[in-house]
Protein chains: 2
Amino acid sequence: MHDEHEIIKLEREAMARWCKGDPDRFLELSAPDVVYFDPTLEKRLDGHSALTTYYGRLRGKIFADRYEFIAPQVTATDDMAVLTYNFHSWGGSEDALRWHCTEVFRKGPGGWKIISTHWSFAAKLEA
Amino acid sequence: MHDEHEIIKLEREAMARWCKGDPDRFLELSAPDVVYFDPTLEKRLDGHSALTTYYGRLRGKIFADRYEFIAPQVTATDDMAVLTYNFHSWGGSEDALRWHCTEVFRKGPGGWKIISTHWSFAAKLEA
């Protein structure tokens, strides 16, 4: 499905910049009414302005030398889609950070925009 | 918006049963192609069958005497919707478990069904 590939491509492009300390592509991709969760937050962030402030504090501070998208999957209707994947990133130490990620996109006049982001830590189970 | 209220109502009904050790309402609400993340998992669970097996192991083991939905919010198109909220639950100790939750619903012939669930722990910041 065309939109699935486009959505994964948008996410990969934004992530490539994120892993070089640059949050701007994620900010461009996010809708005015975006909501956001990550493990450092006590509660949900609401809206693009709050996300811009938050990402602004992370600008130039987050780097990953290497990262891996694991099993990205899109479930879509005509105008909304949910992208889920596991994500491993390496930045300066041998151990990977292991994440769960859910991104919800909505299609509007400006194309697909993120309306919900949820990052969390995956469990690291013993082999 | 009518659907927003319906979606929050569906979630509250399923959660009331979940907090009494009964996962069946969440299973009834979940679509065949549901995907699922929580902090005890190394990677995403894919599909209703995997979720049924997983929830089956939790049946009768999870209880909350008291719980609170915080700022539930729905962003919807005609046939897809994302519900986000913070959730605090108390079960046997003074301290609450603090969660972030994202649920994505899709509307089909059988009504609204969950296609994506993401539970994670919220940070507990000092006052």
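His100(B) is located in strand S5 of chain B, which covers residues 97-108, where strands are DSSP runs of E of at least two residues and helices are runs of H or I of at least four, both numbered from the N terminus. In this predicted model, local features need pLDDT of at least 70 and side-chain atom pairs count only at pLDDT 80 or more, whereas totals for chains, interfaces and linings use all residues. Residues are numbered from 1 along each chain as its sequence is written, chains are lettered from A and ligands numbered from 1 in the order in which they are written, and side-chain values use heavy atoms, with hydrogens and water left out.

The relative accessible area of His100(B) is 0%, and the residue is therefore buried (under 20% relative accessible area, with exposed being over 50% and partly exposed in between; 1.4 Å probe, protein chains only). The side chain of His100(B) forms a polar contact of 3.0 Å with that of Asn86(B) (a pair of N or O atoms within 3.5 Å; within protein, one must be able to donate a hydrogen and the other to accept it, and residues adjacent in sequence count only if both atoms are side-chain atoms).

Chain A contains three helices and six strands, arranged along the sequence in the pattern α-α-β-β-α-β-β-β-β. The C-alpha trace of chain A spans about 45 × 35 × 25 Å along its principal axes, and buried residues account for 50% of the 127 residues in chain A. Of the contacts in chain A between residues at least 6 apart in sequence, 47% join residues at least 24 apart, a contact being defined by heavy atoms within 4.5 Å.
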